[in-house]
Amino acid sequence: MGFSNFIFSVLFRFHIFNVNIKMSSHKRPELQAPPEIFYNENEAQKYTTNSRMMEIQAKMTERALELLNLPEDSSCFILDVGCGSGLSGETITEMGHCWIGFDISTAMLNVAVEREVEGDIINADAGEGLFFKPGTFDGVISISAIQWLCYSNVKSHNPPKRLYNFFSTLYSAMRQGSRAVFQLYPENPSQLELITTQATRAGFSGGVIIDYPNSTKAKKIFLCLFCGVPTPEMPSALGTGDASNTQIHYNQQRISYKQMKGKSVKKSKDWITAKKERLKRQGKQVKPNTKYTGRKRRSKF
Ligand SMILES: C[S@@+](CC[C@H](N)C(=O)[O-])C[C@H]1O[C@@H](n2cnc3c(N)ncnc32)[C@H](O)[C@@H]1O
């Protein structure tokens with residue numbers, strides 16, 4: 001897909017933030033098959049044999065746990081959404097916490113059983129909503145799973161509805177004041193907007209943190225949601241010396257992506273300035289802005 005270096009602004013209840021999503025050339029798993037089919041025995045085996053994949057899962061889980069901001073000296077009860085083979089769960093255990101995980105793929109859960117993970121695991125679909133008692137969890141993490149809810153695999157699947165089912169039941173299953181951190185791979189800006197919109201509708205506040213925003217390989221997107229906290233203070237992103245990337249501006253006016261449609265953000269003065277800033281951070285030479293920067297040009301014809 002010819003989708004590269006897409007810059008966009010998502011404005012939700014509290015924050016404006018700029019996210020740069022770069023598509024890789026290979027076909028996304030979400031476009032190949034539904035998760036319960038894609039994560040079959042073959043794919044699940046990779047989670048026990050591919051050391052790079054295991055390392056990445058562990059690192060992203062460590063970061064998600066750090067963003068949960070749990071109390072240092074006590075063991076907490078964590079939910080792992082899309083827990084898969086239990087690699088993420090093993091990291092939760094290593095950090096001294098107890099956990100429950102659920103996943104739609106039985107093949108992935110079988111690997112977790114083989115691994116003899118310490119958490120309890122359940123076969124369930126996030127889009128159907130959760131079934132836990134109110135206030136059960138001290139924190140929630142999810143690694144590379146939530147974007148799957150943006151795809152409709154059968155006629156009856158309605159992604160906005162499934163996302164809302166998920167977030168609203170998740171909200172009630174969480175302790176007031178706790179956090180949910182989702183590492184995710186949105187396919188495009190509107191997917192991220194859809195996810196944040198449904199999370200906001202369900203009562204969450206929060207925002208997005210982008211670690212290593214200037215690195216194609218290391219860049220990771222985390223959606224950090226707060227349960228029952230009106231004015232969240234966003235944690236800082238890693239791998240950037242630039243305050244504009246770590247400090248997310250407060251904005252009370254929620255503007256939907258639909259409203260933004262029609263106005264091309266690309267080539268506007270803000271777009272050009274943001275691009276120049278990014279190139280500067282990459283050590284490239286850029287021309288300084290002038291009064292002509294981003295001005296509309298008259299057609300030559
Ligand atoms: C990249 S894997 C995550 C692996 C996991 N963190 C681990 O340690 O193995 C993404 C997982 O999300 C799960 N998933 C995708 N859609 C789901 C849904 N609707 N409900 C529950 N799990 C889902 C997939 O089955 C898959 O196991």
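**Figure 1. Overview of the predicted model, with 10 helices and 10 strands in the protein.** The structure shown is a predicted model. Of the 301 residues in the protein, 36% are buried. When contacts between residues at least 6 apart in sequence are taken, 69% of them join residues at least 24 apart.

**Figure 2. Residues around the ligand.** The view shows the shell of 23 residues around the ligand, in which P35, G82, G84, L87 and A145 come nearest. By class, this shell holds 12 nonpolar, nine polar and two charged residues.

**Figure 3. Packing of helix α3 against helix α4.** Two packed helices are described by the angle between their axes and the distance between the axes. Here the axes of α3 (residues 51-68) and α4 come within 8 Å, with a crossing angle of roughly 50 degrees. Angles between 35 and 65 degrees fall in the oblique class, and α3 and α4 are therefore oblique to each other. The crossing of α3 with α4 is right-handed. On the α3 side the contact is formed by M54, Q57, A58, T61, E62 and L65, and on the α4 side by L87, S88, T91 and I92. These residues divide into five nonpolar, four polar and one charged. L87 of α4 is also one of the residues that come nearest to the ligand.

Figure 4. Helix α5 spans residues 106-114, and its buried residues are A107, M108, L109, V111 and A112. The elements covering these buried residues include the helices α2 (41-49) and α4 (87-94) and the strands β4 (98-103) and β5 (120-123).

**Figure 5. Packing of helix α6 against helix α7.** The axes of α6 (residues 159-173) and α7 (residues 189-201) cross at roughly 45 degrees and come within 9 Å of each other. The two helices are therefore oblique to each other, and their crossing is right-handed. The contact of α6 with α7 comprises eight nonpolar residues, one polar residue and one charged residue.

**Figure 6. P134 in the loop between β5 and β6.** P134 lies in the loop that joins β5 to β6 (137-143). P134 has 11 other C-beta atoms within 10 Å and is exposed, because a residue with 12 or fewer such atoms counts as exposed. Apart from neighbours within four places in sequence, P134 is in contact with S172 and A173. The C-alpha atoms of P134 and Y171 are 8.5 Å apart, although the two residues are separated by 37 residues along the chain.

Figure 7. Most residues other than glycine have a negative phi. S144 has a positive phi, near 55 degrees, and is found in the loop between β6 and α6. With 18 other C-beta atoms within 10 Å, S144 is partly exposed. Y212 likewise has a positive phi, near 50 degrees. Y212 is in the loop between β8 (205-211) and β9 (220-226), where 15 other C-beta atoms within 10 Å make Y212 partly exposed.

Methods
Residues are numbered from 1 along each chain as its sequence is written. This is a predicted model: local features need pLDDT of at least 70, side-chain atom pairs count only at pLDDT 80 or more; totals for chains, interfaces and linings use all residues. A residue is near a molecule or strand if its C-beta atom, placed from the backbone, lies within 6 Å of it. Ala, Val, Leu, Ile, Met, Phe, Trp, Tyr, Cys and Pro count as nonpolar, Asp, Glu, Lys and Arg as charged, and the others, Gly among them, as polar. A residue is buried if 20 or more other C-beta atoms lie within 10 Å of its own, exposed if 12 or fewer, and partly exposed in between; C-beta atoms are placed from the backbone. Helices (H or I, at least four residues) and strands (E, at least two) are DSSP runs, numbered from the N terminus. Two residues are in contact if their C-beta atoms, placed from the backbone, lie within 7 Å. Axes are lines fitted to C-alpha atoms, for helices over the stretch in contact, and angles run from 0 to 180 degrees between N-to-C directions. Angles under 35 degrees count as roughly parallel, over 145 as roughly antiparallel, 65 to 115 as roughly perpendicular and the rest as oblique. A crossing is left-handed if the near helix is turned anticlockwise from the far one by less than a right angle, and right-handed if clockwise.
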